[in-house]
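Student: I have a structure open and I'd like to learn how to read its features one by one. Can you walk me through it?

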Amino acid sequence: RGMFFGGLASVLVMVLMLLPDVPLVSADCTQVIGNGGEGLMRDPKHPAVDGKDNYVYVVFSMYNWKWEAYNIAIRSSSDGGQSWGPTYWVSEGANEQDFPDVKVVPNEGAGVIHIVWQEKMRDVSGNQYWAVKHRAARPGPVYDPTNYPNYWTGVVQLSNNGYGNDAKYPKVAAGDEDDEESGDNSWVHVAWQEDVDDTVGGVEWGIKYREGYVTYNANSNPMISISWSQIYSLSSDGDGIDAIHPAIASSSEVLEPGGPVQEHWYVVWERSGWIEFVGGMSVPGNAPTMGPVQDIIDTGTASEPDVSASFNEVDVVWQEPEESQTAGEVFMRKSTDYGNSWGSAFRVTLLGYPAVDLSTWGPAIDVDSTRIYIASVCFTDSSESNNEVYYSVYDRSSNTWLYREFNPQEINYPGAQQSYPDIAAETLYLLNPPRTCGHLVFENLTQIRQIVY
């Protein structure tokens, strides 16, 4: 940890594990998994991570010299982040691609890796606009889609927008640890923000949602097929108030052993300093049902929410300015009945410095059946000249925060500025005994830009 590897852009790896006698440690698996100083790749940015069945998947945007554009790349590990396979382009071409997200449904069900991103399109007149795209692959080792297309679906545009109405910042959810007996079908849920103002030059951001019903058949070509729903508007549009920065999570219930999956899904977003929430349910053969928009935080200063879910529990985090206009703290609110009612909001991080750098895309959260992981980028002191990545871990079995209560543990990477954290919780069964871990990624900027995992 903290080692530097040369090159225009390097990618390092790090895994956080829960051990029986040590609450949280960094495993000795730091290594370069991509070097932007070689070949056709450089300048990685905006990473996302997920892991299931001992596999870890990291997606990010990276400059592709071949096309002179940023394209979406993926790399996978089969041993919890200790070693890594090759880097492949999820999608490549002359169109700019950015802000990917990834979610994995494990092998026991309709095993699928879902990847979404935004892509700059051109209409017949050459006008440019951002659209939301999706592609899926079978889980396990990642194969080059150019040489093994049957392992991948085609690229699908999910947004139905055009010039003057950008669609940006997509987030994806699909299944979780609950779906191990779900047979060969599952759901995928995608949310994004889209310009809903149809006037010339006008902009008003709203939140869109679309879901797909996934069928997996190892004997078909391609192995994965997805039937997509219509697009739904979740936010209250038309009042001139922007709804931005969505996040999404889901949790599954098997209706009968080996049968179809009923899936709960949850979307949060920021709207004029408030955090809004919509919960929904997907059932095979039916249109999704969704509840009303809830204003779960109304401080007027809340921003950058994230959400995670496991079984009936829904956890939402966000950031608020506290120490200054540029530094603040992470707050959290919890529901234990699928988002129908909520406990009181509370502060996760300790008041004072280190304090959250509010410019770094907000906190990230993920949860499994035993623990909650929260990551954020914090200024180390009141000078606000240096930041580092911090994380907190909550043990659900004992209802306690590990380390000092609400005080995150620092991941120190000297001499750099960090941003854009993402985290995924997983139980690594390759360890004996199995152990829960948090897979963490973030941008790391010195004179060059890196991605640390």
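Student: Which strand gives the most to the lining of the second largest pocket?

Tutor: First the general idea: on a 1 Å grid over the protein atoms alone, a pocket is an open set of points with protein on both sides within 12 Å along at least five of seven lines, while a cavity is a set of points where a 1.4 Å probe fits but cannot get out; lining residues have an atom within 4 Å of a point. Strands (E, at least two residues) and helices (H or I, at least four) are DSSP runs, numbered from the N terminus. Here, E20 gives the most to that lining, with four residues. E20 covers 274–282, and the elements that give two or more residues are E20, strand E19 (261–271) and strand E21 (289–290).

Student: Before we go on, what sort of model is this?

Tutor: It's a predicted model: local features need pLDDT of at least 70, side-chain atom pairs count only at pLDDT 80 or more, and totals for chains, interfaces and linings use all residues. Residues are numbered from 1 along each chain as its sequence is written, and side-chain values use heavy atoms, with hydrogens and water left out.

Student: Back to that pocket, then. Which residues lie nearest its centre?

Tutor: Of the 14 lining residues, Gly279, Gly280, Gly291, Tyr338 and Asn340 lie nearest the centre of the second largest pocket. For the classes, Ala, Val, Leu, Ile, Met, Phe, Trp, Tyr, Cys and Pro count as nonpolar, Asp, Glu, Lys and Arg as charged, and the others, Gly among them, as polar. By that scheme the pocket lining has six nonpolar, eight polar and no charged residues. A volume is the space filled by probe spheres set on the grid points, which are joined across faces, edges and corners; for this pocket that comes to about 190 Å³.

Student: And how many cavities of 30 Å³ or more does a search of the whole structure find?

Tutor: One. The volume of the largest cavity is about 30 Å³, and its lining is Ile113, Ala137, Arg138, Pro141, Val142, Tyr143, Tyr151 and Trp152. By class, that's seven nonpolar, no polar and one charged.

Student: How do I read a nonpolar core?

Tutor: In soluble globular proteins, nonpolar side chains tend to be buried together. Buried means under 20% relative accessible area, exposed over 50%, and partly exposed in between (1.4 Å probe, protein chains only). A nonpolar core is a set of buried Ala, Val, Leu, Ile, Met, Phe, Trp, Tyr and Cys residues joined through side-chain atoms within 4.5 Å. The largest one here has 35 residues, and Ile74, Ile113, Ile115, Trp152, Val188 and Val190 touch the most other members. Strand E10 (residues 112–122) gives the most to this core, with five residues. Apart from it lies another core, of 16 residues, including Ala247, Ile297, Val307 and Phe331.

Student: What does the chain look like as a whole?

Tutor: It has zero helices and 35 strands. Of its 453 residues, 60% are buried. Contact means heavy atoms within 4.5 Å, and among contacts between residues at least 6 apart in sequence, 58% join residues at least 24 apart.

Student: Why is strand E34 described as largely enclosed?

Tutor: Nine of the eleven residues of E34 (residues 435–445) are buried, so the rest of the structure largely encloses it. As for its neighbours, two strands pair if DSSP finds at least two bridges between them. Strand E33 (residues 417–428) runs antiparallel to E34, with ten bridges, and Thr427 stands opposite Thr436. E33 and E34 form a hairpin with six residues between them. On to strand E35 (residues 449–452): four bridges join it to E34, again antiparallel, and Phe442 stands opposite Val452.

Student: What about the hairpin of E23 and E24?

Tutor: E23 (residues 303–310) has eight of its eight residues buried. Six bridges join E23 to antiparallel E24 (residues 313–321), and Ser310 has Glu313 as its bridge partner. The hairpin has two residues between the strands, and Phe311 takes a positive phi near 55° there. Phe311 counts as partly exposed, at 41% relative accessibility.

Student: Where is the cis peptide bond?

Tutor: It joins Tyr353 and Pro354, with omega about 0°. Pro354 is in the loop between strand E26 (346–347) and strand E27 (355–357).
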